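This report describes helix packing, overall dimensions, local backbone features and confidence. The sequence and structure are shown first.

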Amino acid sequence: MFVTDIRKEFYDIVVNQRVALLVSLDVDALCACKVLQALFHCDQVQYTLVPVKGWQDLGTAFLEHKEQFRYFVLINCGANVDLLETLQPEEETIFFICDTHRPVDVVNVYNDTQIKLLIKQDDDLGVPSYDDIFRDDEEEGGDQDSGNESDGSSEPSGKRRRFDEVSLIAARQRARREWEARRREILFDYEQYEYHGTAVMVLFELAWVMSKDTKDMLWWAIIGLTDQWVHDRITHMKYVTDIAALQRHVSRHNHCNEDEDNSLSIDCMRICFEYDLRLSLYQHWSLYESICNSCYTLSTFKLWSIQGQKKLQEFLADMGLPLKQVRQKFNSMDIAIKENLRDVIEESSNKYGMKDIRIQTFGVHFGFKNKFLATDVVHAAAALLESVEKDESGTDNFIKALDCLSRSNLDQLHRGIELAKKKLMAIQQTVASCICTHLILSQGPFLYLCVCLFSKPLALTLLCKYLLKSFARSTRNKRCKILPLVMAAPLDVEKGTVIVMGIPPECETSDKKNFFGRAFEKAAESTSSRTLHDNFDMSIIELKMQDRSKFLDALVTLLS
Amino acid sequence: MPRNCCLHSENEAKSEGRSELIPSIKFRHCCLLRNQRCVTAYLYDRLLRIRALRWEYGSVLPAAIRFHMCAEELEWFNQYKKSLATYMRSLGGEEGLDITQDRKPPKSLYIEVRCLKDHGEFEIDDGTIILLKKNSQHFLPRWKCEQLIRQGVLEHVIS
């Protein structure tokens, strides 16, 4: 059931208990986890934090900890599947789920005792009403009884009565079949598309309601929201609305402390609203590199082709930026150039068809040297979370990424930024090579591609998004522009598995609803391919390499 | 080394008519004294370290460390332990005061720790059991964690 007063129904219950936190591996979950940890530290709630990568990890972690804990808090996992059936917990175990995955499974919504959903109900959830899906079983028992009675009843007046009863039973059964058909339809409509909300905003509001919010928590909320936007999980509308809400909090925090007489020391954290450029990591890189490796500019200029490179040179010349300056590290650029950079770039980009080169976001600065934008931190944390260096397991990376979010671990953050730069360059090269060599095949209802380098979900998501955007700009085929994309990448060479992921078509006003989750499930069932639906996102699965072709054929038939 | 040995050797040399050996004898004596000082300094330093071990590891030393101590040093350690225990019992009224805990002023009642290796189950004061698995983080009372932090199983996370 949905929790209406998050403070009374969640926080006041766990504040005197020991809690197990099961956190999924994405940046929004990390931020939500940091906020909750900070609250728990304030109130000295004992907890245990366990990172979980997928459903199997969740099951294992639950089994290991179910003896010791009665209260479980699940962050970014568990809402979109019938949790009680998957985990089979005891009667007294209570789950608090703060998840961004939608649609929320109907059993989780209507369970009153063991499942509490920490989800804001004004998100467009569209949960079907109770009577449409569940029905008391007494009526069925009633049918059977009256059936038995009519069998055992005595003769002539019995016969007429039996006739009436039989027609009554037939009418009831017909009504029941209609109800079931309607129920299947409603559930199908409800469950066919997968989309997202935000987790960290809910927890930040909890902190605010208790007046325990700090600038650190606000910054984590900002990073969580930006992560949803960078990885294309929420619509632009929702992003802008939530940014406005956060902007109010930022103003409130800024007005609390500063005034004429006592200004804050330079080491304190300052968060400010920025209407900044959509160029990834540009303040930690050179402007030229950043333009070449950001999705927006990459796809608009078509930088994989020679004309694209020429256009970029024109663009830079148009703004009056000398190449030598632009290729330097951003911090060493001429101050005169840096001053009006954003306005100059915005003016020129309007000419080149890039209407929204600027995006509303926030920046933080503390100390003399440390200035970061929210997108920088998101890219750094995501790169750390999925770094593929040897001898590092998923949980090691989780710890590193969690560390990089605190202000005292700046070297971890810088390491993350370097890794993010490598990742973006690799993505750009892959996109360029795929488009130049026409590796993307149109399979009818979707586009298909197989790449070799990326095997982790977040990196693969970014790659898919950049690729689809670039492809949509580069292809002449009108039909292909609006097709969704399915991408396969080898995951584990020894076991012979590939990771398959699908994203919805690229469109300005898309609502980011992804139907591939259910489509993959059905295709796997119909071809009995050996698949593993382990990721919390239903649209990312693992598949055996041999079953790939029949799986794709089934998918084609399903979606046409 | 008593001064007598040196004098004795000198007298012998004089009586045998070999007075040219006297500087060598004096020199040898100085060397021996120096060696004696070095050895004593070394043994004293060992003793100070053994004393520090009581404060770091508690009353029971790990076998790896006991292996490197000789019998006399173990005996000395036990005596020191007894001495410290008597002193602690004499402080703080009835039950005594364990001064080996909290050597630095504690900042908070509970600390966040991260598990560096799989340690299995761990019981805390109210009887509840915590599973210490690698890379899990826990928020636990400080006095229970100190022992494990010293052993290297847990790491204190400062954020």
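A crossing is termed left-handed if the near helix is turned anticlockwise from the far one by less than a right angle, and right-handed if clockwise. Helices (H or I, at least four residues) and strands (E, at least two) are DSSP runs, numbered from the N terminus. Helix α9 of chain A covers residues 200-209 and helix α10 of chain A covers residues 215-230; they pack at an angle of about 160 degrees, with axes 9 Å apart. Axes are lines fitted to C-alpha atoms, for helices over the stretch in contact, and angles run from 0 to 180 degrees between N-to-C directions. α9(A) and α10(A) are therefore roughly antiparallel to each other. In this classification, angles under 35 degrees count as roughly parallel, over 145 as roughly antiparallel, 65 to 115 as roughly perpendicular and the rest as oblique.

On the α9(A) side, the contact (heavy atoms within 4.5 Å) is formed by A:V200, A:F204 and A:A207, and on the α10(A) side by A:M217, A:L218, A:W220, A:A221, A:G224 and A:L225. Eight residues of this contact of α9(A) with α10(A) are nonpolar, one is polar and none is charged. Here Ala, Val, Leu, Ile, Met, Phe, Trp, Tyr, Cys and Pro count as nonpolar, Asp, Glu, Lys and Arg as charged, and the others, Gly among them, as polar.

## Further helix pairs in chain A

α9(A) also packs with helix α1 (residues 6-14) of chain A, at an angle of about 90 degrees and with the axes 11 Å apart. That makes α1(A) roughly perpendicular to α9(A). A:I6, A:R7, A:F10 and A:Y11 of α1(A) meet A:V202, A:L206 and A:V209 of α9(A). The contact of α1(A) with α9(A) has six nonpolar residues, no polar residues and one charged residue.

Helix α23 (residues 516-527) of chain A and helix α24 (residues 548-559) of chain A cross at roughly 120 degrees, their axes coming within 9 Å. That makes α23(A) oblique to α24(A), and α23(A) passes α24(A) in a right-handed crossing. α23(A) contributes A:F516, A:A519, A:F520, A:K522, A:A523, A:A524, A:S526 and A:T527 to the contact, while α24(A) contributes A:K550, A:F551, A:A554, A:L555, A:L558 and A:L559. The residues of the contact of α23(A) with α24(A) comprise 10 nonpolar, two polar and two charged.

## Overall form of the chains

Chain A contains 24 helices and 16 strands. Its radius of gyration is 27 Å, close to the 24 Å that the globule rule gives for 560 residues, so chain A is as compact as a globular protein of that length. The radius of gyration is taken over C-alpha atoms, and the globule rule is 2.2 Å times the number of residues to the power 0.38. The C-alpha trace of chain A spans about 105 × 60 × 45 Å along its principal axes.

Chain B has five helices and five strands, in the sequence order α-α-α-α-β-β-β-β-α-β. With a radius of gyration of 26 Å, well over the 15 Å that the globule rule gives for 159 residues, chain B is more spread out than a compact globule. Its C-alpha trace spans about 85 × 40 × 30 Å along the principal axes.

## Local backbone features

A cis peptide bond, with omega about 0 degrees, joins A:R102 and A:P103. A:P103 lies in the loop between β5 (101-102) and α5 (106-110) of chain A.

A:N76 is not a glycine, yet has a positive phi of about 60 degrees. The place of A:N76 is the loop between β3 and α4 (83-87) of chain A.

## Confidence and conventions

The mean pLDDT (the predictor's confidence in each residue, from 0 to 100) is 82 for chain A, where 91% of the residues score at least 70. For chain B the mean is 85, and 99% of the residues reach 70 or more. Among the elements of chain A, strand β3 (residues 71-75) has the highest mean pLDDT (92) and helix α7 (residues 138-152) the lowest (42). Over residues 138-155 of chain A, pLDDT stays under 50, and the model has 10 contacts beyond four places in sequence for this stretch. The predictor gives the complex an ipTM of 0.73 and a pTM of 0.82.

Residues are numbered from 1 along each chain as its sequence is written, and chains are lettered from A and ligands numbered from 1 in the order in which they are written. In this predicted model, local features need pLDDT of at least 70, side-chain atom pairs count only at pLDDT 80 or more, and totals for chains, interfaces and linings use all residues, while side-chain values use heavy atoms, with hydrogens and water left out.
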